[in-house]
Amino acid sequence: MHPETLAVHAGQKSDPVTGAIAAPIYLSTTFERSADGTFPSGYEYSRDDNPNRRNLETCLVALEGGAEAITFASGMAAITAVIESLPDHLPKRLVLPDDIYFGVRSLLNETDVGRRFEWEVVDMTDLEAVRAACAKPTGLVWIETPSNPLVKIVDIAAIAKLAREVGAVSAVDNTWATPLLTRPFEFGADLIVHSLTKYIGGHSDVMIGAVVSREVGLQNLALRAIQKHKGSVPSPLDCWLALRGIQSLAPRMQVHCSNAMELARFLSQHPAVSIVHYPGLPTHPGFGVASKQMKSFGGMLSFEVAGARKEAMAAAGALRLIARATSLGGTHTLIEHRASVEGPQTKAPEALLRMSIGLENALDLIADLDQALGQISNRG
Ligand SMILES: *Cc1c(COP(=O)(O)O)cnc(C)c1O
């Protein structure tokens with residue numbers, strides 16, 4: 001079946017007891033034993049497994065095409081679990097993108113996880129640099145595409161192959177593309193990570209994450225053990241909200257993508273904008289790889305205003321409809337000055353604003369950007 005159909009049906013059969021089309025939320029933490037001591041429902045205690053979590057995991061596996069999905073309390077909990085579950089025989093060294101999600105840098109710099117691993121950051125769009133980094137003993141190669149905040153496109157097939165050649169695990173953070181636009185297992189990745197908080201939840205109202213394993217045997221037992229025993233599990237309501245979000249993921253992604261394309265075209269012609277980073281523009285360096293790896297070019301873009309930090313902040317400050325907020329993947333269009341969010345270590349240009357394009361009418365978004373950019377060009 002096609003992904004649009006799986007998004008509505010996988011893990012989402014009507015309730016066997018009542019016939020309810022929308023699944024009940026099973027808040028019960030404990031499930032009854034039979035007289036013989038077994039658990040006839042297959043559920044025992046909610047940290048180990050519960051119906052809403054199992055439904056969500058079933059749907060994620062169907063969409064990504066892997067063997068097993070394991071959900072966590074957030075995207076960062078899922079990422080932590082991937083690093084901690086690396087098999088013992090692999091080198092404790094990670095090869096990471098230089099523009100990896102900022103939270104992963106904080107995980108490594110500020111918690112014990114970082115003290116247990118070495119890591120090297122490289123520009124993942126430079127295959128020779130990745131090959132050189134992988135020449136040293138490597139346990140895990142991390143791919144994030146499109147990347148934050150320059151919306152760079154990484155060639156999953158090429159990097160997964162380099163990882164495989166040195167015996168390392170390859171993991172793709174597929175949060176920005178979603179399984180509707182990119183299916184990393186088809187390009188040879190071993191693991192897929194999601195912050196379901198973003199497009200999959202889709203409404204900025206649930207924090208949850210997941211790891212999907214391509215084959216049984218690829219860390220899935222260790223990941224399941226971390227989920228159950230370290231206990232960073234999503235609640236039944238979180239799982240229910242994420243699964244409800246998935247039902248409308250396909251049509252939402254279509255609108256995110258078409259709105260982003262219209263805004264990218266508008267911004268690239270605006271005199272107050274010096275450059276637009278959107279992989280759907282043929283001038284973007286990742287256009288070729290994106291065309292073969294993505295079904296459409298995504299809902300994230302960034303642009304640099306003519307000027308510097310002051311002009312970027314002024315443009316963001318003049319917006320009326322578009323909200324200044326972090327995060328992405330929701331119904332509302334959001335804008336953010338990444339350099340000030342990430343602080344002094346940032347690689348984000350000072351004149352850059354990142355946008356998560358929402359589901360509004362593109363003309364209203366363009367009108368808001370036009371009036372805000374008009375104010376800074378008048379001042380200049
Ligand atoms: C938000 C995000 C994460 C972290 O997810 P949380 O749910 O906030 O913990 C990881 N990777 C990417 C690409 C993200 O956008």
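## The largest pocket

The largest pocket of this predicted model is lined by 23 residues, and those that lie nearest its centre are Gly11, Gln12, Lys13, Ala23 and Asn55. A pocket here is an open set of points on a 1 Å grid over the protein atoms alone, with protein on both sides within 12 Å along at least five of seven lines, whereas a cavity is a set of points where a 1.4 Å probe fits but cannot get out; lining residues have an atom within 4 Å of a point. The space in the largest pocket comes to about 550 Å³, where a volume is the space filled by probe spheres set on the grid points, which are joined across faces, edges and corners.

Three helices, α1 (3-9), α2 (51-64) and α10 (236-247), each supply at least two residues of this lining, and α2 gives the largest share, with five residues. Helices (H or I, at least four residues) and strands (E, at least two) are DSSP runs, numbered from the N terminus. By class, the lining of the largest pocket has 11 nonpolar, eight polar and four charged residues; Ala, Val, Leu, Ile, Met, Phe, Trp, Tyr, Cys and Pro count as nonpolar, Asp, Glu, Lys and Arg as charged, and the others, Gly among them, as polar.

## How the model is read

This is a predicted model, in which local features need pLDDT of at least 70 and side-chain atom pairs count only at pLDDT 80 or more, while totals for chains, interfaces and linings use all residues. Residues are numbered from 1 along each chain as its sequence is written, and side-chain values use heavy atoms, with hydrogens and water left out.

The lining of the second largest pocket divides into nine nonpolar, nine polar and six charged residues. The ligand sits in this pocket, in the sense that more than half of its atoms lie within 2 Å of the pocket's grid points.

Around the ligand there are 13 residues, of which Met76, Asp173, Ser195, Thr197 and Lys198 come nearest; a residue is near a molecule if one of its heavy atoms lies within 4 Å of it. Helix α3 (residues 75-84) gives the largest share of this shell, three residues, and the shell as a whole has five nonpolar, five polar and three charged residues. Polar contacts (pairs of N or O atoms within 3.5 Å) reach oxygen atoms of the ligand from a backbone N or O atom of Gly75 at 2.9 Å, from a polar side-chain atom of Trp176 at 3.4 Å, and from a polar side-chain atom of Lys198 at 2.8 Å. Taken alone the ligand exposes 380 Å², and the protein buries 94% of that, with accessible areas taken from the Shrake-Rupley method with a 1.4 Å probe.

## Cavities

The structure holds three cavities of 30 Å³ or more, and the largest cavity has a volume of about 80 Å³. Among the residues that line the largest cavity are Asp98, Asp99, Arg105, Asn148, Pro149 and Glu342, and its lining divides into four nonpolar, three polar and five charged residues.

## Backbone details

A cis peptide bond joins Thr145 and Pro146, with omega about -10°, and Pro146 is found in the loop between β4 (140-144) and α7 (156-165). Another cis peptide bond joins Asn148 and Pro149, with omega about -5°, and Pro149 too has its place in the loop between β4 and α7. In helix α8 (residues 178-181) lies Thr178, whose phi is near 65°, a positive value in a residue other than glycine.

Technical notes: Polar contact = N/O pair within 3.5 Å; in protein donor to acceptor, adjacent residues only side chain to side chain.
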